[in-house]
Number of protein chains: 2
Amino acid sequence: MRKIADVKFALAVLQWDQETYLPPKGAAFRGQQMATLSEISHQMFTDEKLGKLLDQLSNDPSLNEKQRRNIELTSEDYNKNQKYSSAFVRKLSEATSKSYHSWIEARKQNDFKVFEKDLSVLVDLKKEETQLLGFKQHPYDALLNEFEKGATVQWLDGLFGNLREPLKKLLEKIQGKSAPDDSFLHQHFNKDDQWKFGIDMLKQMGFDFEAGRQDISEHPFTTNFSAEDVRVTTRIDENDFTSMTWSCLHEGGHALYEQGLPTDQYGLPLGEYCSLGIHESQSRLWENCVGRSMEFMQHNFPLMLQYFPQLKNVGAEQVYAAVNKVQPSLIRTESDELTYHFHVMIRYEVEKQLIDGTLAVKDIPGFWNEKYKTYLGVNVPDDKRGCLQDIHWSHGSFGYFPTYSLGSLYAAQFFKHIQKKYPGLTALINKGNYNDIHQWLQTNVYQYGRMYTSGELCNKATGETLQQSYLLAYLTDKYAGIYGF
Amino acid sequence: MRKIADVKFALAVLQWDQETYLPPKGAAFRGQQMATLSEISHQMFTDEKLGKLLDQLSNDPSLNEKQRRNIELTSEDYNKNQKYSSAFVRKLSEATSKSYHSWIEARKQNDFKVFEKDLSVLVDLKKEETQLLGFKQHPYDALLNEFEKGATVQWLDGLFGNLREPLKKLLEKIQGKSAPDDSFLHQHFNKDDQWKFGIDMLKQMGFDFEAGRQDISEHPFTTNFSAEDVRVTTRIDENDFTSMTWSCLHEGGHALYEQGLPTDQYGLPLGEYCSLGIHESQSRLWENCVGRSMEFMQHNFPLMLQYFPQLKNVGAEQVYAAVNKVQPSLIRTESDELTYHFHVMIRYEVEKQLIDGTLAVKDIPGFWNEKYKTYLGVNVPDDKRGCLQDIHWSHGSFGYFPTYSLGSLYAAQFFKHIQKKYPGLTALINKGNYNDIHQWLQTNVYQYGRMYTSGELCNKATGETLQQSYLLAYLTDKYAGIYGF
């Protein structure tokens, strides 16, 4: 398992380099090199010898609890892999590659029709995949399970259903008030100063620069080659320093999780993150619960002023309100903490209906645009700012989007729990001291790797299953303060 | 072969990252990841199926000349690999690892004795290796052959023998004259300006930044992951801009060679460099023959002044003389174009005698210090500035050093040939125009990969075998001008 991890992490280094430093002409051979490493790790992980070894170890009474769990999870992964014939893997890989290119082209031409045919092929293959993987109730469950073990349509319908109306009412309240001014965020902010400020933020939140680094890429991401080499990236918009700042906090949250995973479990399931939802909870806890709080802003405003003296005519409270401004919009990645979830719910509904056959690929744009009108009250002017905006489907990632909202829900629940446990927390955040948060996350999340499912982890850490009430309370409380209701 | 290359180049990416961007704590797992990739590529290349395939193809009459040569060279490499038992490979790898660490420790303690025992074990294994590999006359030939196919003790004894006395006489002539002033080189030169000037130099010499990049590392090097992704590194000494500048030209010369290799031969011998001597000829041609010429200096002095106005009180001719100053010294990597070869000859003699058993490891320091006195007239004050200065032996690289001098010899012969072919060359260099040089190198060196041995390549390109006379004439001409004799 360690050797397989070595190959997978080597592949991750090549991908990281591709996104950060690769010269343009190097792309073709790099693609080939990555495909070869991917093939090798796949061959290693589907080797019959490994299967036999896992069978033997499954019945070994001398294993301790962690070892048993490692064997159990590895066997699960191994058996799942065996369900895919190499013919199916090839078909899927070809369809994905085609879809990706036609998605790029469709965006260029700003026309979903260019993407339609290849996406249909891909959706049919994903339907086939649900049959291979198996499911109890809804075929989409099989795909959800790939990103969030145990997640089902039944559960998400309930969760999102309970979230939708309260969020809509909250949004209406907010829209009844005057919006905070955020025009001062759109000035020129020097690149080098932004970079330094971002590094300061990462240091402040406890990112270990001896076990990681930050670089620039077109889209921010976090990757890791062990818990002792975790790389984050950011991008800098010289007309808006908030984009870089909160992307640093977001990726930093992901990175702290990876740096906190147990190194002695390198290559084994217990050395891996729990689920995408839990991973996202880590980024959102730091980006939002901590980073968009009044205490954080008060602590960091003097430093902000040092780097960005152009903010001298505003105060910490104004910046706090501005970075929390709510504004229904077309683009998911640019949306605020509240309306974000409508973007996710729309994608969830599209995916669910595509997979169970109640929505045809050709009808996506109409469905999408109608939902945006209903949920967010915005008119989608074209496909590029509509159903072509995200890369996920072109990659064959169906079932991924819901984990973004799950991340916010887990984050709010975890954060409330931390606040209850450490009543002095707010005052400490005001001093830039996050020791209690680190302590809690290490004890309740990081150390376990994949030991528990996200549901089990949440229960163990907070004493209850995931509740929508924490996110609703957190958002209501925040916006009531800012908008005054 | 392409897949094996993919794995080897992936390993090279991990090594490059290790030297440029790896955070310190990431080193341990990175070492493990590189070892795994190395093991995988070794397994792939020693697979019996490959051997059988090569045998079949060796007798295939339908192959064209290039294909035949690829099969022939791959079979050679394959058969050589088969000579090493896995037990021997493991012994060698362990001994190398030990030697490397005791070399580090010996340097810290400034005491060769700390290195002596592990080096002895390594030398014995290298002697065993000469038996495995086989040789006709001298056991050291087997090791030389690894870096420079066809090189022998007999040939190098002749070449170095013919070089030693003339170089010594030239050095005496120079030492009879007053040395040029180079004190103005040792001022403060801003890091960012140096970096930009270095990039300008790489651009000027034709380095393709679409197919490569430059980064910072502790020791400058060139590596490549295909002919379309060639990476150079440099280091910056703020008290001496010449170190960075001529390192850029040196590594740039290596890089142009790699960028010029045929991409359609990726993974095959004809897509690889000819020999280390030829590779070094490319770096030295650009660093010395071009870069340390008066024409180059005249062309670039205005740009130099732009970045480094502190040079305003000197002229192009003074900088030219300063960067060509001859000064016998203790450290190979800091030596000038003339005395450099004495450093190499001393190492050659040590290695030759270690391998044929006429010198014992414990006697290296005495032998070394005596030779430095005789050849260079300098007293070696300690082992760190003596026989512990180079990393090569600790890596088990015996037979490598001579290729440095071969590089200068080939470079001088090639350059003279280019000058004869293009009489307007000097005037063009004065304008920063290197088209003729590119053209000649592409036609006579780059395009062939490993098609010919270095000896054959030299003959084909210049009409004669390697002659010491070109280097001697080049150096005599240069120093006569500068020192006035």
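Which residues does N224(A) touch, not counting residues up to four places away in sequence? N224(A) touches F9(A), A12(A), D229(A), V230(A) and E258(A), where contact means heavy atoms within 4.5 Å. This is a predicted model, in which local features need pLDDT of at least 70 and side-chain atom pairs count only at pLDDT 80 or more, while totals for chains, interfaces and linings use all residues. Residues are numbered from 1 along each chain as its sequence is written, chains are lettered from A and ligands numbered from 1 in the order in which they are written, and side-chain values use heavy atoms, with hydrogens and water left out.

**Chain A overall**

- The secondary structure of chain A comprises 20 helices and three strands, these being DSSP runs numbered from the N terminus (helices H or I, at least four residues; strands E, at least two).
- Chain A has a radius of gyration of 23 Å, which agrees with the value near 23 Å for a compact globule of 485 residues; the radius is taken over C-alpha atoms, and the globule rule is 2.2 Å times the number of residues to the power 0.38.
- Along the principal axes, the C-alpha atoms of chain A fill a box of roughly 65 × 50 × 50 Å.
- Of the 485 residues of chain A, 57% count as buried, a class defined as under 20% relative accessible area, with exposed over 50% and partly exposed in between (1.4 Å probe, protein chains only).
- Chain A exposes about 20,500 Å², of which carbon and sulfur atoms supply 48%; accessible areas come from the Shrake-Rupley method with a 1.4 Å probe, and for residues only the protein chains shown count as cover.
- Among the contacts in chain A with a separation of 6 or more, 72% are between residues 24 or more positions apart.

- Chain A has an open sheet of three strands in the order 1-3-2, with mixed pairing; two strands pair if DSSP finds at least two bridges between them.
- Its edge strands are strand 1 (212-216) and strand 2 (222-226) of chain A, each pairing on one side only.
- Neighbouring strands of this sheet are turned by 20° against each other on average, direction ignored; axes are lines fitted to C-alpha atoms, for helices over the stretch in contact, and angles run from 0 to 180 degrees between N-to-C directions.
- Helix 1 (residues 2-20) of chain A packs on the sheet and touches strand 1, strand 2 and strand 3 of chain A, its direction making about 145° with that of strand 2 of chain A.
- Strand 2 and strand 3 (residues 229-234) of chain A pair in the antiparallel sense over four bridges.
- N224(A) lies in strand 2 of chain A, has V230(A) in strand 3 of chain A as its bridge partner, and is buried, with a relative accessible area of 15%.

**The sheet of chain B**

- In chain B, strand 1 and strand 3 (residues 229-234) run parallel and are joined by five bridges.
- The bridge partner of Q214(B) in strand 3 of chain B is V232(B).

**Relation of the two copies**
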